[in-house]
Amino acid sequence: MNNEPRPYTLIAELTYRCPLRCPYCSNPLDFAERGNEIDTDTWLRVFREAEELGVVQLNLTGGEPLLRDDLELLVEGAGKLELYTNLITSGMPLTSERLSRLRALGLNSVQVSIQSTRPSVSDRIAGAPSFNRKLDAMRWVTSLGLPLSMNVVLHRENISEIGEMIALAERVSADRLELANTQYLGWALKNRPALLSTREQIERARTVAAEANARLRGKMEVLFVTPDYYTGYPKSCMDGWGRRFIVVNPEGLALPCHLAHTIPGLHFERVTRRRLAEIWHHSEGFNRFRGDEWLPDPCRTCERRVLDFGGCRCQAFHVMGDAGVTDPACSLAPGHDQIESARAQADRTTGFPVLFEYRTGRGCSAR
């Protein structure tokens, strides 16, 4: 078996702009200070270079990718390369006419996010009126015969609705329902006291999701992603640092994951200055945590080291202040008490609605 790192998926973050202000957004906290977005020709060149590297799947995301006026050109270019192209959207700026054009140009599938099955709660979590627009978007997707994935980021305010979420996914004829518990990075870490579910909530939701997955097998996939804070062992972040995924952000930085550039001391290169293959194989940023030779104790002698590669480097930095230590989500990590403390705080937190800090063009606001 060839274990040489080879990218299968390119995640193209086309913009940080978004009509929503979700309190778990993975966009950087200082996104308002970021530079200009790379242009159409650069993206098309990146797609070609990614395909030459072996990439077969392209995720067009953001922010909100539909805010790019050149999205049609990007989808058409990806289609000519025979990349399987997935649009990850809030559904807000979408129209049925534009979706039809995108499908004709080669769009293969669509993922639409929803925040709650209750319109007022969904709009509050999203920070903008959006619930009905999202339902329209999902109906347009299925009416055109495109595969639909309905995504729900789970947290303490909406996790009790999991049965209703499954029912809604059935009503809109989704092919896949992704029940993804919040990953506590970016804005989600800032809002962790308001978002982190309790173990009891997680276990109850997991049981409901497993029953639905069995009942709907062959009709709709129901995927429940347990949060790292409750797994005992961390996931292999992005299938391992620099192994299978490339993220290119709106400014043109090529990254092994969405928030890798928030780790001080790591140098990441821009696709405007170097070819993607050279960045993938030779850049300091991609090679720093690639594989398992760099691993610290207790990972160095752990049999899981080739499964999770020490967990999430961004989580290690943002919780522990050091990207080179074991992910504190691991029960064997010296810093695991930080995770235990956060869980204990979640158990003590009561009452709704909770107060979120939302992203704005100038920073954040409370609501």
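This is a predicted model: local features need pLDDT of at least 70, side-chain atom pairs count only at pLDDT 80 or more; totals for chains, interfaces and linings use all residues.
How do the axes of H1 and helix H2 (residues 71-80) cross?

1. Residues are numbered from 1 along each chain as its sequence is written, and side-chain values use heavy atoms, with hydrogens and water left out.

2. To the opening question: the axes of H1 and H2 cross at roughly 20° and come within 10 Å. That makes H1 roughly parallel to H2 (angles under 35 degrees count as such). The contact (heavy atoms within 4.5 Å) is made by Thr 40, Trp 43, Leu 44 and Phe 47 of H1 together with Leu 73, Leu 74, Gly 77 and Ala 78 of H2.

3. Now the sheet. Nine strands form an open sheet with mixed pairing, in the order E7-E6-E5-E4-E3-E2-E1-E8-E9 (two strands pair if DSSP finds at least two bridges between them). Strands E7 (221-225) and E9 (254-255) stand at the edges with a single partner strand each, so one side of each has no neighbour in the sheet. Helix H1 (residues 40-53) packs on the sheet, touching strand E1 (9-13), E2 and strand E8 (245-248).

4. Do have a look at Asn 59, which lies in strand E2 (residues 57-61). Asn 59 counts as buried because its relative accessibility is 10% (buried means under 20% relative accessible area, with a 1.4 Å probe and protein chains only). Leaving aside neighbours within four places in sequence, Asn 59 is in contact with residues including Thr 9, Ile 11 and Ile 88.

Definitions and conventions:
Helices (H or I, at least four residues) and strands (E, at least two) are DSSP runs, numbered from the N terminus. Buried means under 20% relative accessible area, exposed over 50%, partly exposed in between (1.4 Å probe, protein chains only). Axes are lines fitted to C-alpha atoms, for helices over the stretch in contact, and angles run from 0 to 180 degrees between N-to-C directions. Angles under 35 degrees count as roughly parallel, over 145 as roughly antiparallel, 65 to 115 as roughly perpendicular and the rest as oblique.
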